[in-house]
Structures are given as structure tokens and as C-alpha cells.
Amino acid sequence: MSFANLPLLGVLGGIAGIAALLFLLQLLRIRHVEVAVPTTIFWRAAAREAPVRVLRGVFRHPLAYLLVLAICTLLWLAFAGPEAHDDRTSAYRVLFLDGSAHTAAGSEFDEAVDKLKSDLAGLPDSAREVIWGGARNLKLLKAGEDRLLLDHRLAGLAPEAAPSALNEQLRLLSMPGVAPESLEIVIYGRAPADAVVLAALPAGTRVSRAIDYAGSGPNRGVASLGVSSAASGRWDRLDLLVRIGGTPDAPPVEGVAVHVNGQRLDDNRLEWLSANVATVRDLPADGSSVEVQIEAGDELALDDAARLTLPVRRAIRVALAGDLDPAIVHAIEADPGLEAVTEDPSIVIRRRGVEAFGDLPALEFAPAADQETAFEIAYTGDDSAELALRSSIAALGLDQIDAAGIAAETQGPVGVQLRHAELAGVSVWDELLAHYNFTGSRSFPLFVSRAARWLAGEPAWHPYLAAGRPLPAATVWSLATTVDPALDALGADYVLGAAGTVTSDRGVADVALSSDAVTARSAGTPLAVSQAGGRAAATGIVTWLILAAFLLLGAEWYLYQRGMMP
């Protein structure tokens, strides 16, 4: 037991003071004094000179004293603000409110909020905090803040179309020095906890769930949505892949609609490869927005539809100037996304010294005597040199080249040099084509293809964008870059928080929920049900103390009426 308004010594001192004061008051007695006055004019003066109450040495009526002392003590305890605690008094509690799609069905979110507020009222302000777990984890209530602030901060919050970030919060708390020695994490909602993450938590940390969810109803949702190069081989076409997931008791898939820019495709365009996997072939790669929707909705509506923005893929017009190695021409002809032209090209491939198309980004082949390193890259833009070098090497496919083998043949180092320029360009030792087996390697067509796309500034695109998943690092071979540099400035995985539309300097894209854990209503590792709110709250104790005081007042009145006490 602790008190919110007074320290324990203050409470005990107050009770002792009340007992002493009441004891002194109990010794006050009425004294009758007869005073003869010649006239009533002197009545007031006589009354002042003869007080009616004096202290007497005899203590009587102990029952009355005890009743009054009990009443005053109860009121004093209520003023002190008692806070009841269980056997885990020293535990610091993190109350995690699940704001993800896991708790979006029916009234589950409202029930979690109500339970959180109820439990919060019974916890000391200095030993608890509230975390919102939506697309990103946010601290709704710090330790020491008044619980009334929570209502204001919860206004407008609702479950988001995102997988749970609970495991990320648990990983943070498992870091050395972050969590206190005795910690209890209480989950309000269905957010599933991973067994591996739970095992990594420090000793003395407990994880529990505030509500015992007996089960969930059947659910179906779009578990995966992505695109790939068309199986037909057409460069300007893409195949759409759709996978439907759900709970084991969900009914079979029926009525899946595909809309392209708001127009519904014919149902016969949706080709089912299995009971839950379907494809739409040869969609135009023109930047259209595609929406896949399960027509028979269910209680969890957030995963019934998913959207995806198709990439734009156009053939790059390449000018071939001068006498080039035949392997370069063969690499251009083998790539359906490259088109050799003589008019209105986008880039040029030439030997150094050829003046044709001098105002275009160029892939040049220069003598080794004219440049220090085997590969020289001229980049544009405002990216740092480190970021530009890393993204350029990945975009050009230089990380796929057998540099060690080339170095062994040339008997010298094979390096990459980067410089900033107004016009993008790539320059390569001509000797790698003429005297060494670079053109005969499997990486050479890849290098030519990627160099052409990098020079043309082809925007990056990804097979899928899904909430809670990092941007895919492994992409089709024809991509200009594997990761959008604007989102990969730190070199770490960039995880998209929630489904919706994202905008960057590279354009606009749609992010799908596409989560098996959400769609299958995954329960995660079984957790005990928390008793954080299973005891009397502080406000409840105050209420009972005041009621007890009123009951004693009623008992005192009854005893007085019966003549059992003065």
C-alpha cells in the first residue's frame, strides 16, 4: 500500500495528530456556574467571564471517542490517496496498446482501450507508461504524466492497416540498459509475440496479455500482391501475382475482383494457379494503379483489398557510334528493353574520341593509358559520394563482375573511380574488350544492360511493396537500382510502416497490407492473462473509505438515538 498525496510518515503522523486532538476534545466538559446579576444588562459580561467548557481530568465515553476517531481516520486516509498493489509492487509496467490491423475486427479495439483505462487507474503514475503500437511505436503516456492526458492523445486514433510492431518494441526493451530490472509488459489487443523475441528479453521481464481472447471468427484477405516481368517475354508487359490467405476455418475463395485504374477486368483474366494463388498476365507496364478486392467482406475489412502501382517500362533508345566490339551489339540486340537507333537516341555507346552524340549520357571504352582505373563513373545529382558510389556499383552490376579474375589477367588492380559531373557517363578500359575475356563472361551482357538503364535514368521499381516488410533487395536483373537511394541513405533496410500511398522524389507508389500474420489472425506465442487491473483501483479504495465513514456516522447517530452514547 502506498499513497499518492502524502508519504507514509505523513499519513501516520496525521492519524496520531487526529487521535491526540480528539482526545483533548473528549476532555472538554460543560461546566454549569450560577451567577447572580442585578439586571439583564450585565448578562453578556457574565457569560464571557464564566466559560461553559473547561478541560476536566476524567476521560469518559470511550465508545464515542473510538467512533469519531475511526470516522476521521477514514477521511484522512481517503485524502492521502491510497494506491493498492499486489505482490509485484516494484514492477515497472509498459502498457502496449495494439493499434495494428490485428485489433481492427469488430469492437476489439474499443474493448482494449476500455481495459487499458481501467487498469491505468490502479497503477502508480511513476511506475507505468503507455505505448501505441500502430505503424510506428509511439509513447502515449510517459511515467509521471497524469492519466487524464491519455483521453486527449487517444482522440482520433484507430487501428491502422499495418502489421503489429510489438516485436520491434520487445527487441528494443531487450537491449542492455533499456529496461528496468523488474518489468512487466501488458499487451492490450491481439498483437502476436514472437517466441524468439520473448526468449531474448532480460531476466525479470514478464509479458502478458490484458484480455483473454478465446478465438476469432473466419477471415480471408489478400496475403501477397506483386508483379514480375511478363512470362510472354514482352518488355512492356507485366504479370500480376495474387495470393489469398486466411484462417483455417475460412470459406473457399469466391469473388475476387481486379480493377485497373478503376476499371474492372473481365473475370476470365484472373487465372487461378491453385486454390489460393492467381495471376493476371500481360498487364501494361504504364504506371497504372491496380486494386485486388475480395468481394465477400468479413469482420476484418482492412485486408480485404490491396493496391499496387505498376512500374513504367519503355524501351531505351541506344545509339551505337563508331567501330564497337560485336559483343556490345549482341548484348543490345538480346535485351528487349534496349533498342538500337540512329535518330533521337536517349544514350550513346562509343569509343573515346568519337564525337557523335556528344550531348548524351555515354558508355565509353577508353585506352587504359587515358584513365587510372578500369571503371570510371560520372554521376549527377546531390547524393553524397559514398552513397552515389554504393548505389552506382549496384545499379551497374559491377558487384557481379569477376574482378579477381580480370585482375589476374591484367596483372593489376581493377578499381572504380567516381566523379561528379553535369552529364552521367561510364568509361571502361578498352583493353578489357580487346585482350581479356570480359566480353565472354556471363556478367558482360548484364553490365551493358544495366549501364544503359543507369545512364537513361530509368526509375527503380520493386516487385512488391508491403507494410511491415523491408524494400525487396533482390530484384529482377533489368532494374536500374535495387534500392531507391532516397530511402536507403543509411544503408539499412527501409521498412514501410502501413498500407497506403507513399510519395518520394522518385514518384508515387501504393503499399499493400499483405500480411499472413494479420490475415490468418495469428495468435503468436501463448501469453498469461495480466492481473494489472484485477485489484481495487486507487479511486475505488477512496470511494470505499468514504462510504465506510458515512456508515460509521450512521452507526453513531443510531447509538445516540438509543441513548447508548452522549
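**Exercise 1. Find which residues make the nonpolar surface patch of about 370 Å² in this predicted model.**

Step 1. A patch takes residues with over 30% relative accessible area and no salt bridge, and nonpolar side chains (Val, Leu, Ile, Met, Phe, Trp, Tyr) are joined within 5 Å. A salt bridge is a side-chain nitrogen of Lys or Arg within 4 Å of a carboxyl oxygen of Asp or Glu. Areas come from the Shrake-Rupley method with a 1.4 Å probe, and for residues only the protein chains shown count as cover.

Step 2. The members are Leu75, Ile546, Phe550 and Leu553.

Step 3. Helix α14 (residues 538–561) gives the most, three residues. Helices are DSSP runs of H or I with at least four residues, strands runs of E with at least two, numbered from the N terminus.

Step 4. Leu553 lies in α14 and is partly exposed at 39% relative accessible area. Buried means under 20%, exposed over 50%, and partly exposed in between (1.4 Å probe, protein chains only).

**Exercise 2. Decide whether Arg350 is buried or exposed, and find its polar partner.**

Step 1. Arg350 sits in strand β20 (residues 347–351).

Step 2. Its relative accessibility is 7%, so Arg350 counts as buried.

Step 3. Its side chain makes a polar contact with the side chain of Glu364 at 2.9 Å. Such a contact is a pair of N or O atoms within 3.5 Å; within protein, one must be able to donate a hydrogen and the other to accept it, and residues adjacent in sequence count only if both atoms are side-chain atoms.

**Notes.** Residues are numbered from 1 along each chain as its sequence is written. Local features need pLDDT of at least 70, side-chain atom pairs count only at pLDDT 80 or more, totals for chains, interfaces and linings use all residues, and side-chain values use heavy atoms, leaving out hydrogens and water.

Technical notes. Patches are made of residues with over 30% relative accessible area and no salt bridge: like charges are joined within 9 Å, nonpolar side chains (Val, Leu, Ile, Met, Phe, Trp, Tyr) within 5 Å.
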